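Hi,

Here is the structure I promised to pass on.

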Amino acid sequence: MKKIETQSSKNRKAHYTPAIEHNGILYVSGQLSIDMASMQLPKGGAREHARQALANLQAVLTEAGAKKENVIMCRVYTPDIAFWDDIDDEYAKFFGEHKPARVVVPTSALHFGCLVEIEAQVAMI
């Protein structure tokens, strides 16, 4: 197994790793919709939160040497399914023609007041 760290995760005390690569699959921990450098939430609503969570996902993919086109599956968590249209629009912009398998999970409140959290599994090819 190979641990993948990002610059911001190296300075965190939280007991997790942003991603683990094992047997050709990259398992990316849930990426919240918070700017990890400033610890600030995006201004705006679910659309901006989705954009930030996807940017955080991209940062982990980049650190691992992976491409978003190799994402196999995502789980998207949101505290209100009413946000779904805005989240899905940003998700579609991020992935373009690539359509990974996906699960949408309505939750109670997310950490730090985030409106979106995204985890992923990625084929490392």
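Tyr 91 and Phe 95 are 4 residues apart in helix α3, so about one helical turn separates them. (Helices, H or I with at least four residues, and strands, E with at least two, are DSSP runs numbered from the N terminus.) Before going on, please note that this is a predicted model: local features need pLDDT of at least 70, side-chain atom pairs count only at pLDDT 80 or more, and totals for chains, interfaces and linings use all residues. Residues are numbered from 1 along each chain as its sequence is written, and side-chain values use heavy atoms, with hydrogens and water left out.

Back to the rings. A search of the whole structure turns up 2 aromatic pairs. Here rings of Phe, Tyr and Trp (its six-membered ring) pair if their centres lie within 6.5 Å, and planes under 30 degrees apart count as stacked, over 60 as edge-to-face and the rest as tilted. Tyr 91 and Phe 95 make a tilted pair, with 4.8 Å from centre to centre and 55° between the planes. Both Tyr 91 and Phe 95 are buried, where buried means under 20% relative accessible area, exposed over 50%, and partly exposed in between (1.4 Å probe, protein chains only). Phe 94 and Phe 95 also have ring centres 4.8 Å apart, but their planes stand at 90°, so that pair is edge-to-face. Phe 94 has a relative accessibility of 13% and counts as buried; for Phe 95 the value is 5%. Tyr 91, Phe 94 and Phe 95 together form one aromatic cluster.

The charged end of Lys 68 is over the ring of Phe 94, 4.5 Å from its centre, and Arg 102 lies over the face of Tyr 91, at 4.5 Å from the ring centre.

Next, the inside of the model. A nonpolar core is a set of buried Ala, Val, Leu, Ile, Met, Phe, Trp, Tyr and Cys residues joined through side-chain atoms within 4.5 Å. The largest one has 26 residues, and those that touch the most other members are Leu 26, Val 28, Leu 57, Leu 61, Phe 95, Val 116 and Ile 118. Two or more residues come from each of β3 (25-32), α2, β4 (71-78), α3 (84-95) and β6 (117-123). The biggest share is from α2, with 8 residues. There is also a second, separate core of 6 residues, which includes Leu 32, Met 36, Tyr 77 and Leu 110.

What is the relative accessible area of Gln 52? The value is 18%, so Gln 52 is buried. Not counting residues up to four places away in sequence, Gln 52 touches Leu 32, Ser 33, Ile 34, Asp 35 and Pro 42, contact meaning heavy atoms within 4.5 Å. After α2 comes Gly 65, with a positive phi near 75°.

Positive phi also turns up in residues other than glycine. Asn 23 has a phi near 50°; this residue lies in the loop between β2 and β3 and is exposed, at 71% relative accessible area. Met 39 has a phi near 60°, sits in the loop between β3 and α2 and is partly exposed at 29%.

Finally, the cysteines. The structure holds 0 disulfides, a disulfide being a pair of cysteine sulfur atoms within 2.5 Å. Cys 74 is buried at 0% relative accessibility, and Cys 114 is buried at 1%.

Best wishes

How values were computed
A charge sits over a ring if NZ of Lys or CZ of Arg is within 6 Å of the ring centre and within 35 degrees of the ring normal.
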